[in-house]
Amino acid sequence: MNKASEKLRILLPSSGSLADGAISFMSKKGINIEKESDRKLVGKVKEFPDVEIFFQRSGDIPLSVDRGMGHFGITGLDRYLENCEGSRNSYVVKDSLKFGDSKLVVAVPDGWIDVTSISDLVEVCYEFKQNNNNLRLATKYPNIVRRKLEEFGVTNVVLVTASGGLEAAPMIGYADIIADITVTGTTMKENNLRPLLDGVLFDSQAAFISSNDIPSKLKKTSEQIIKKINL
Amino acid sequence: MNNSDNKVLRLNNFEDFGPSRLKLLKYIENNCLEYLINSGYSNVDPPILESADLFFKKSLGSTSSSTYTFMDLENQLVSMRPDFTASVIRLIFDNSQKKESMNKVCYSGPVFRYEPATSKSMQIYQVGAEFLGQKGNDSDLELLSNSIKCLDLSGVKNYKIDLGNVGIVREFILEKGFGNSIAELILNNLGNFNKKNWEKNLIYKANQLNLIRLSNNNENDSLSYESILNDYKDRLSLNLGMRTQKDIINRFAGKVASQVTMEEIKECIDLVKKIMSMNIEEFLNNNGNDLNTKSCNEFRILLKNIQNILGEKRSLSLNFSLTRNLAYYNGIVFDVKSNQGIILGGGGRYDDLPSRLGYDFDKGCLGFALNLTKTTEVIGY
């Protein structure tokens, strides 16, 4: 963290579905953010002169807060748990902020008519194993997917971490199935992928997160903000 | 600004080894390597960094969330080795066409792991061996004997060995007429055997997995290959990835037929519980019909041999629920523990691993490793 800065840093999503929701959420909690222009990546809070706002990519916010680059942040709970679950450097102040809904869903090629539930993947894994192959699952969330699949007893899956265009992975051939965020499932359907009946691994909304490393001189302000967030 | 603000601290959970601990570690490492080399093992040293796929293939992905994996400067997905086994097997086969052909190798060095459950990052120093090319009791005995010898050379005074056999549990389930899916379910959950509600959770998972049918009658038993192909021809003509139409149709038809009733799954669980609850004496003295197979009898001989090697001061426990949290073991599996229960090492048989890594080899594969970080901690320095 920049030690020269003596202000409390709150990191908010710069774009995407979470961005508008975050500003509106803060406003409802009595923290009104002033941004000079849409392109500017810094902002102020009228009620708290010792707070500065930085707008970042939502996916970068969990690690930035966890590493102490920011004191507070708003991001998707899925993003936070993927990157920082169990961390001693940060924690979730409040989840389910009632915006930024997303579902992490496992989908298989529609032609796999024998696979309708997560449970079927156990046997398909075994089929792959018998043929000296591995069932490969492409995802941006390898940690959450691993944990959730283990809960279902699906352990023999090779996770392929990919950053975008996951729906094309089975067609291109670098993965057999995918686990991705979806709202309506339309993109999956258009790419001949079918979500499994019980394939929702994670149901997520936006979350307010905090660093555990807040300087003592900013404690009072940080406590006031947490109080407002929890109201 | 205070100058101490600029200090860069050691990463959490990564340990420094001072002179006395390092001296002890090197002493044990050298003793173990010397013994293994004199026993016909070639000393090798694979790189710390390998293609991530090597480790994913080895564990079928089960260690992917505990392995340090990142894109390197050439945009390749690479991992710091979480253990030596996969690297050493790759090294053996890479060298198999050269003069330095070998089937027994030993190694030492650091491995790197991250434990998501405890958020702990760790560098662990290991010494161990891999043995390729033999199946059966003789190689199992050699593996265990070498592990015991290395422990004795390390200077650990008191330790105990937990020994299980994943292969026997699998064989037991299959011989009772239950399919691979039931066997996989039970084997994947062996590690939780001693936890509360094991049986209840297993039945819950079997239900989740659609392995239990609700009635004895099933209207779909008569589904033929042709009728399935005809009914689903549009979907079956889409991209199926690495699966074939035949794979899918056969499984679709078999899915219904392979379901068991609630009574049958309970019967299977009761049988597994019976074998899991046995202590070593009960297993050695029980050669009834259920446990009179060739592999059970061989395992009895192995247990007796290990008991003789260990003598009376160090104990051997039979633990069929031992899986070492890795899906690739297919025969014996063991943990070595200090008297305080700290795991000092372990290993087992994983005959399918070379083929899983892409090598055409089915002649047996097994290995062990000692955790020198823990061993030095237990001995004291």
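Guide: Let us begin with A:S96, which sits in the loop between strand 6 (90-94) and strand 7 (102-109) of chain A; helices (H or I, at least four residues) and strands (E, at least two) are DSSP runs, numbered from the N terminus. This is a predicted model, in which local features need pLDDT of at least 70, side-chain atom pairs count only at pLDDT 80 or more, and totals for chains, interfaces and linings use all residues. Residues are numbered from 1 along each chain as its sequence is written, chains are lettered from A and ligands numbered from 1 in the order in which they are written, and side-chain values use heavy atoms, with hydrogens and water left out.

Visitor: Why is A:S96 called partly exposed?

Guide: Buried means under 20% relative accessible area and exposed over 50%, with partly exposed in between (1.4 Å probe, protein chains only); A:S96 has a relative accessible area of 40%, so A:S96 is partly exposed.

Visitor: What makes the phi of A:S96 worth a remark?

Guide: Most residues other than glycine have a negative phi. A:S96 is not a glycine, yet its phi is positive, at about 50°.

Visitor: Why does B:E263 count as exposed?

Guide: B:E263, which lies in helix 11 (residues 262-276) of chain B, has a relative accessibility of 60%, and therefore counts as exposed.

Visitor: How confident is the predictor in chain A?

Guide: By pLDDT, the predictor's confidence in each residue, from 0 to 100, chain A has a mean of 87, and 97% of its residues reach 70 or more.
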